[in-house]
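Reader: I have a new model open and want to learn how to read it. Where do we start?

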Amino acid sequence: MTMHVLCFLVFLAAMQRTTEAVEYSFSNNALSTPGGVRFRDEIGEEYAKQTLDSATQFIWGIFQQNGPGDRKNVEKVSLLVDDMDGVAYTSNNEIHVSGRYVNGYSGDVRIEITGVLYHEMVHVWQWDGNGEGPGGLIEGIADYVRLKANYAPSHWRKAGEGQKWDQGYDVTARFLDYCESLKSGFVAELNQKMRTAYSDQFFVDLLGKSVDQLWNDYKAKYGNLP
Ligand SMILES: [Zn+2]
């Protein structure tokens, strides 16, 4: 092999690594507000970007996405702190965090925002059943990851609480944790099946029971008869 060809192969290998790495960008657009200043002083750009990367690695692990072919093709994720209402939202691989929420939060705001970033980052990486997945399930998977990362806030509803399986957020997260206890890797497989479509039948396929039966079993386990 000539030196020239060898160099080209090294170049290709480097390119391959480059295309697998995710780039993170950060912009604090709320520095003229108390929330933007609190974000800068108590969280900071460096920690925020590190957390985006940690969250991504953690999510790939939970979803058992071991190679680029298993994952969404996302090259860049941006985090923006905005002067806005609400807590956070994610759109087009951009995570927007509310400076007003940061300002009003009482407690360790760094821990809280870490949990929020894990939740939002799931929306970047999860499959949504080609738009057919129930919103409550999408939010439940995001909070399930936050739960497994040990960033569930103390005010969350406890296991066994809630009215229906696809109520969303903490309720659905704890139900999914129950399903995971029945079959390790359940959430990863559910997400994988949601790559192209969604059906309640996925629960039957994976656990042998309808989602309604599973919800009844779950409620009964905690002494809450449906
Ligand atoms: Zn969400």
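Reader: What should the 14 residues of helix α7 span, and how far apart are its end C-alpha atoms?

Author: This is a predicted model, so keep that in mind. At 1.5 Å a residue, α7 (residues 169-182) should span 20 Å. Its end C-alpha atoms are 20 Å apart, which agrees.

Reader: Which residues of α7 are buried?

Author: Start with the general idea. An α-helix has 3.6 residues a turn, so residues three or four places apart point the same way. In α7, the buried residues include Asp-170, Ala-173, Arg-174 and Cys-179. Val-171, Thr-172, Phe-175 and Leu-176 are buried too.

Reader: Which elements do the buried residues of α7 pack against?

Author: They pack against α6 (135-148), α8 (186-193), α9 (201-207) and α10 (211-221).

Reader: Now the sheet. What is the order of its four strands?

Author: Strands of a sheet pair through backbone hydrogen bonds, either parallel or antiparallel. Here the sheet is open, with order β1-β2-β4-β3 and mixed pairing. The edge strands, β1 (23-28) and β3 (88-91), each pair on one side only. From one strand to the next, the twist averages 15°.

Reader: In which sense do β2 and β4 pair?

Author: Parallel, over five bridges, between β2 (residues 76-82) and β4 (residues 94-98). Ser-78 stands opposite Glu-94 in β4.

Reader: Which domains does the assignment give?

Author: Domain 1 covers 22-125 and domain 2 covers 128-226, according to the domain assignment. Their centres, taken over C-alpha atoms, are 23 Å apart. The contact takes 13 residues from domain 1 and 13 residues from domain 2.

Reader: Which element gives the most to the side of domain 1 that touches domain 2?

Author: α5 does, with eight residues. By class, that side of domain 1 has seven nonpolar, five polar and one charged residues.

Terms used:
Residues numbered from 1 in each chain as written. Predicted model: local features only at pLDDT ≥ 70, side-chain atom pairs only at ≥ 80, totals over all residues. Pairing = 2+ DSSP bridges. Helix = DSSP H or I, 4+ residues; strand = E, 2+ residues; numbered from the N terminus. Axes fitted to C-alpha atoms, helices over the stretch in contact; angles between N-to-C directions. Expected span 1.5 Å × (residues − 1). Buried ≥ 20, exposed ≤ 12 C-beta atoms within 10 Å, placed from the backbone. Contact = placed C-beta atoms within 7 Å. Domains from an automatic or database assignment. Nonpolar A, V, L, I, M, F, W, Y, C, P; charged D, E, K, R; others polar.
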